[in-house]
Each structure stands twice: as structure tokens, then as C-alpha cells.
Amino acid sequence: TAPAALKESKATCCYCGVGCGVIVQTDGAQVVGVRGDPDHPANFGRLCTKGSTLHLTARDALQQQARALHPEIRVVREMERERTSWDTTLDFLAKKFADTIAAHGPDSVGFYISGQLLTEDYYVFNKLAKGLIGTNNIDTNSRLCMSSAVAGYKQTLGADAPPACYEDIEQADVVFIVGSNMAYAHPILYRRLEAARKARPQMKVIVADPRRTDTARDADLFLPILPGTDVALFNGMLHICLWEDLIDPAYIDAHTEGFAELKRTVRDYTPKFVADTCGISEEDLVTAARWFGESKAALSLYCQGLNQSSAGTAKNAALINLHLATHQIGKPGAGPFSLTGQPNAMGGREVGGMATLLSAHRDIGNRAHRAEVAKLWDITDVPAAPGKSAVEMFEALRDGDIRIIWIVCTNPAQSMPEQKMIREALKKAELVVVQEAYRTTATCDFADVLLPATTWSEKEGTVTNSERRITRFKPVLNKPGETLHDWEIGVRFAHRLETLWKRERTLFPYDDVESVWNEHRESTRGRDLDITGLSYAILEQQGPQQWPYPQGAQAGRQRLYEDGIFATASGRAKFVNTVYQPVAEKVDARFPFHLTTGRLRDQWHGMSRTGTVAQLFSHAPEPAVVLSKIDMERRLLKDGDLVHVTSKRGSQILPAVVGDDMRAGQAFIGMHWGEEYVSGRGNGDGTFGVNALTTPAYDPSSKQPELKHAAVKILKA
Ligand code: SF4
């Protein structure tokens with residue numbers, strides 16, 4: 001095709017929460033190229049290996065074969081699913097839901113959705129569950145990603161609102177990266193940090209991580225903390241700041257509450273105790289605290305090392321405590337800044353698409369919030385009892401308390417902890433509905449009903465990235481086969497259910513995706529994330545905008561809490577009395593290794609998209625367990641020798657490789673691989689990958705599971 005026939009359109013990358021803008025080239029039938037959008041404020045034209053190969057994932061022949069293009073149903077479990085029509089499928093589903101709810105109540109059904117969905121998709125499914133059906137059993141894979149960050153922000157600052165922005169990277173004097181291999185997980189933001197350091201060589205970077213990752217190798221100071229000891233580290237840094245007069249008493253007095261109690265707690269976190277607990281030197285600990293406390297502007301960047309933990313909320317809160325006490329917040333270059341894992345986990349949080357939340361950062365546990373949402377939706381009430389969070393939902397499915405599960409755009413059979421239990425639960429379900437773009441994910445094997453959905457480059461709507469920036473984009477390709485947009489599927493199903501229930505007026509009066517967004521926008525009026533000054537037209541004309549952007553505003557707010565007024569009832573930030581708790585599963589004589597997990601540079605999640613691009617395997621061609629040289633020698637292992645890696649929940653065989661990033665007694669496995677990528681190497685029951693080993697233990701506040709750590713044994717195969 002002559003280049004003149006190519007069309008270019010703007011979109012965002014569908015992978016990580018940096019939210020890079022891309023310009024997509026199409027020839028009308030398929031995506032033929034991508035390049036970074038030079039005008040997008042997240043990336044200014046740059047793309048990482050994943051983003052720059054998006055066009056390959058979109059046109060790859062294997063991907064095309066893997067697409068779900070038609071609705072499919074099986075009426076008997078043992079049979080194959082058969083192609084059917086949307087009418088038949090949605091009628092069947094509406095009747096099945098109505099019958100089950102009539103017999104067992106609304107909490108007998110559940111929805112498990114995804115941070116890959118667009119904000120509008122999320123809004124519709126949240127309203128479908130909580131507004132129409134009357135259950136709060138809707139949770140999302142964002143529970144595995146950001147719920148500890150949500151809980152940490154809310155407990156301290158009063159709202160789930162990351163206070164900093166990307167530009168703060170250029171203005172920080174100290175950048176404290178903790179629980180994040182940013183060079184791999186948020187590569188374009190990391191490039192921005194590299195450029196900022198080059199421009200301002202006096203900038204200091206501290207990295208705390210159990211592994212000496214590529215991010216850690218670049219640091220001015222690396223703290224190789226033992227897994228799960230982050231709260232001790234942050235409390236220890238605060239102890240030193242107190243001792244050395246590096247806190248800001250005037251700021252604490254004017255803008256916070258609860259410091260006296262925390263001060264008593266951190267008295268016990270002496271440098272010796274913290275250094276011993278974290279496995280680092282006292283000298284390095286003191287240096288980190290001084291750099292942080294003495295700097296004019298300290299910015300913390302953090303991700304799953306803090307969130308995916310049975311103490312995830314305390315880790316987030318302890319870090320925010322440190323920022324509040326030293327007044328490293330609400331000013332340029334400073335603040336706690338959670339990096340979002342998925343492209344739209346932020347948008348999902350905004351519409352309240354989780355079992356404990358409601359629209360526009362409202363809470364199910366708050367009577368006034370429930371009344372406000374009921375009024376917005378024109379319904380009598382929203383159920384008061386919190387729904388089941390991700391792990392609880394699958395446990396309820398296994399136990400028969402939830403009978404129908406509807407899974408949208410996510411692959412829990414691979415990505416949830418304790419894969420074996422998740423798979424048992426899916427087998428126990430009376431009905432499994434899977435709404436997906438791809439028919440080859442591990443979860444699709446369990447689907448009784450498969451609903452084909454559109455995906456990247458075919459969808460229209462909005463996403464919000466880590467710095468609260470909303471981007472709107474339009475489809476560049478037509479819907480393939482009989483696919484529908486995720487929000488459309490939810491609306492069509494809802495209309496059928498409303499007909500069966502003889503509702504006179506629909507709760508879903510949407511003509512198009514913009515009308516869904518407009519309703520979401522109205523729900524934010526007067527809230528911390530107020531976007532009533534925005535519209536699709538403004539987002540199109542002015543480009544991506546940060547929230548809040550209330551009516552009458554000319555621009556979004558770049559940075560929050562600059563006036564020292566927080567989103568709590570008193571307007572004061574709250575110190576949380578954080579106490580160090582060890583990991584949920586301690587190592588012992590039988591399971592002596594700390595297994596940690598994480599991203600590889602060139603793969604994304606369960607690889608349903610990146611797993612078909614050959615060049616993305618050049619960095620890591622196959623799954624492996626990485627061990628220290630000492631442990632390899634002790635076990636008489638050579639690079640590539642096969643080993644059994646076994647936890648209390650499962651086992652798998654992997655090649656062992658030596659890594660100079662590892663401390664003795666620790667092992668690392670990349671999170672991406674499932675059985676379909678290692679045919680014949682699984683356990684015979686479909687389980688394979690790091691989540692055959694991980695624990696479902698979760699944080700009591702955020703309910704986020706401890707995917708980052710498990711105790712394992714490693715024996716030569
Ligand atoms: Fe996509 Fe993230 Fe890479 Fe940007 S940094 S191109 S959003 S994967």
C-alpha cells in the first residue's frame with residue numbers, strides 16, 4: 001500500500017500506568033505501525049519496547065487466530081462451547097441471572113473485572129452490579145495491583161489521590177524508589193528520571209529493594225532490604241529524622257494530627273534494630289534518612305513491592321508518614337507517588353469499581369455516600385454490606401456462596417494467587433461467563449459462556465494514568481467479527497434483565513460511550529476528583545488533562561495539597577501508627593527460600609498480547625528461577641539445571657540461573673509465564689507459573705494479596 005493511504009490516529013499504550021500517548025498508523029484494515037505521540041505529556045514521543053511493538057501484537061497472525069469473534073455457549077460442562085448469537089446468549093444469561101438471584105439472592109452472583117478496561121466500561125459494570133442487581137460483589141484485578149495504595153492514601157491524606165505529578169521528577173532533589181523496578185515496569189518514566197539526573201547531577205537516587213535490579217544498579221544509594229521489611233525501614237528513617245531534627249514541627253502542628261502516638265512508636269526503631277531487621281548497614285540507613293530529610297524536595301516512587309503485601313496498607317502509610325513529618329509533600333519535586341501498574345487502574349478507582357467503593361471515591365461503608373449514589377442513579381438504595389474482594393470472591397465461589405461469576409478482560413486462572421484453588425473454584429461455579437478479546441487465556445478454558453469483546457485500537461473512551469491525567473481516544477479499527485465494546489455488552493445485558501424484572505425505566509439510557517462518561521462526570525461534582533469542567537470535546541481540543549478539573553477551571557491541578565489542606569473531615573492529614581509486621585509466610589527449615597516475584601522487561605502480565613511477538617523474547621526466552629551464586633554452589637547447581645520449586649500450595653520445574661542481583665536465601669521468578677507458553681512443563685492440571693506457588697494471604701485493610709512473597713524449597717530435579 002502506498003504510504004499516502006495510511007491513516008494516523010492518536011491512542012494510548014494499553015500496557016502500564018505511565019499512560020504513554022501513541023500515534024497509530026492503519027491501512028484501514030489493520031494497524032501497520034506505531035510511534036510515540038510527541039504531544040502527549042506522559043511520554044513526549046518516547047515508547048518502550050512493549051509500546052513500540054503494539055502494532056505487531058495487533059496484526060500478528062497468532063493474535064488474530066486467538067481472537068474471540070463470536071459469542072459461544074456450552075450448556076453441559078463436558079461439551080465444547082458452540083457458536084451462537086448475541087440475542088440467544090444475552091437472553092440465556094439474563095434468565096440464568098434472574099433465576100439464580102430469585103432463588104439465592106443478589107449476592108449469589110459476582111463480577112471480576114479489570115484495570116485494563118476503560119473508565120466507561122468500568123462505570124457500566126459497577127452500576128450493573130451495585131445499582132441494578134443490588135450486590136457489591138464486583139471486584140477487579142486492580143485489587144492485586146493498587147488497593148494498598150488506595151488504602152494508604154485514604155488513611156493518611158483522606159482521599160485516593162496521588163498528590164504528585166510526572167514533572168516532579170525533574171524538580172526533585174532526592175528520588176526514593178522503593179518496591180519498584182521502575183526501569184522495567186515503568187520504563188518511559190524511568191527514562192525521564194535518567195534525563196533529569198543528567199540535567200541535574202546533584203540529584204540523589206535511593207533505591208530500596210530485595211534485589212539488585214537494573215533500577216538499583218543505577219542508584220546513588222542502594223538499600224537491599226529483606227523482603228517485607230519496608231515499614232521498619234520507613235519508621236527507622238523517621239526515627240533518625242526525629243533524632244537529627246530533620247522533621248518540620250510547624251508543618252506537623254498546622255496540617256496534621258496523630259503525630260504524638262507515631263512518635264512514641266518510632267522511638268523503638270533504632271538504627272541498630274532497623275538495620276538488623278532490614279538486613280542493611282546502619283550507615284546506609286542513616287545516609288538515606290539524612291538525604292531524604294535534608295533535601296529541599298524528596299519524591300518517593302513506589303509500586304507493587306509496597307502494595308502486594310499482607311502489610312501493604314501499613315507500608316504505604318509509613319512512607320506517607322515520613323513525607324508528612326518532613327514536609328516532603330504539597331510542593332514541587334516532593335510527595336509520595338504511587339506508580340499505577342495497569343493502564344486504567346486509576347479510572348476504575350474513580351468510578352468505584354471495587355467491592356468496597358462507590359462512584360467518585362465514595363465508600364460503601366458510608367451511609368451518606370450510599371444515599372448520594374442512590375440519588376444519582378435514581379434507585380432506592382445501594383446495598384450496605386461490602387462485597388467480596390478478589391480472593392474472597394473466588395473462595396466464595398469454591399464454597400458455593402457465589403454461584404455465577406462474570407469475568408471481564410482478565411485471566412484469574414493465571415494471575416490470582418494459589419492457582420489451584422482458583423481453578424477449583426471456577427470448576428465449582430454453576431456458570432462461568434468470560435468476556436474477552438482473546439479465546440486462548442487460561443480462564444477461557446473454564447468459560448461456559450464466552451462473550452467476544454473489542455480491544456486496543458478498536459475501543460473508544462478514556463483512561464487515567466498514574467499522575468491523574470485523563471486521555472480520551474477514538475477507535476482506529478472497526479470491531480472485528482461480532483465483537484462488542486465491553487460497556488455495550490454490560491448495557492445490552494442490563495436491558496434484558498430490566499425487561500425480565502419489568503422495570504419501567506432503564507438505568508442505562510446510553511446512546512453512546514460519551515453519554516456513559518457524562519454520567520460519570522456528573523457523579524464527581526463536589527468530590528476530590530471533580531471533573532465537571534471537562535468534556536470529551538475539551539479532552540479532544542486541549543489534549544489529556546489532570547483531575548481535579550471542576551466546572552469553571554481552565555486547567556487541571558498538577559499537584560495536590562499545596563495549601564496544606566487535606567481531604568479528611570478535619571482538613572488535616574493523619575499519621576497512621578504503623579508497626580512492622582513480617583511477611584505472612586515465614587521461611588523455615590522445610591521452605592528455606594524467600595521467593596520474590598516481579599515483571600520482566602519486555603513482557604506484560606499473562607502474555608496474551610506480548611507473548612506472540614518474537615522479539616519480545618530476546619530478553620528472557622523462557623521462565624527460570626534466579627538464585628544467588630552462593631545458593632547455586634551450595635546446591636551443586638550449574639546454570640540451566642532443572643530444579644523443583646515448591647511452596648505449600650504447589651510445585652513446578654524450572655531451570656535455575658545464577659543472578660548477581662540476588663542475595664543468598666532468596667529466589668526470583670518473573671510473573672508472566674502460564675502453561676500455554678511452556679507446553680508440557682506444567683503440573684498436568686493446567687497450573688504453571690509463579691502463582692502456582694504464591695499465597696492468598698492478604699492485607700486486612702486493602703485485601704490485596706501478598707503476591708510478592710512466598711516461602712519455597714528448591715531441589716535439583
Ligand atoms: Fe506503554 Fe508503559 Fe512502555 Fe509507556 S512505559 S510505552 S505506557 S508499556
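Colleague: Let's start with the hairpin of β19 and β20: how many residues are between them, and which residue in the turn has a positive phi?

Modeller: Start with what a strand is: helices (H or I, at least four residues) and strands (E, at least two) are DSSP runs, numbered from the N terminus. Two strands pair if DSSP finds at least two bridges between them. Here, 4 residues sit between β19 and β20 in the hairpin, and R468 in the turn has a positive phi of about 65 degrees. Keep in mind that this is a predicted model: local features need pLDDT of at least 70 and side-chain atom pairs count only at pLDDT 80 or more, while totals for chains, interfaces and linings use all residues. Residues are numbered from 1 along each chain as its sequence is written.

Colleague: Do the strands pair in the parallel or the antiparallel sense, and over how many bridges?

Modeller: Antiparallel: strand β19 (residues 461-464) pairs with strand β20 (residues 469-473) over 4 bridges.

Colleague: Now β17. Why is that strand largely enclosed by the rest of the structure?

Modeller: Apply the burial count along the strand. In β17 (residues 431-436), 5 of the 6 residues are buried, so the strand is largely enclosed by the rest of the structure. Strand β16 (residues 404-408) pairs with β17 in the parallel sense over 5 bridges, with I404 partnered by L431 in β17. Strand β18 (residues 449-452) also runs parallel to β17, joined to it by 4 bridges. There, V433 stands opposite V449 of β18.

Colleague: What is R439 in contact with, leaving aside its neighbours within four places in sequence?

Modeller: Two residues are in contact if their C-beta atoms, placed from the backbone, lie within 7 Å. R439, in the loop between β17 and β18, is in contact with A66, R67, A68, C444 and L450 once those neighbours are set aside. With 19 C-beta neighbours inside 10 Å, R439 counts as partly exposed.

Colleague: Zooming out, what does the domain assignment of the chain give?

Modeller: Domain bounds come from an automatic or database domain assignment. For this chain they are domain 1 (3-59), domain 2 (72-145 + 345-512), domain 3 (148-339) and domain 4 (593-716). Where domains 2 and 4 meet, 19 residues of domain 2 are in contact with 21 residues of domain 4. On the domain 2 side, α20 (412-415) and α21 (419-428) are the elements giving two or more residues, and α21 has the largest share, 4 residues.

Colleague: Where does the ligand lie, and why there?

Modeller: A residue is near a molecule or strand if its C-beta atom, placed from the backbone, lies within 6 Å of it. Domain 1 and domain 3 both give residues to the shell, so the ligand lies between them. There are 14 residues around the ligand, with C13, C16, C20, C48 and G51 coming nearest.

Colleague: And how many helices and strands are there in the chain?

Modeller: 25 helices and 28 strands. Buried residues make up 60% of the 717 residues. The C-alpha atoms fill a box of roughly 70 × 65 × 60 Å along the principal axes.

Notes:
A residue is buried if 20 or more other C-beta atoms lie within 10 Å of its own, exposed if 12 or fewer, and partly exposed in between; C-beta atoms are placed from the backbone.
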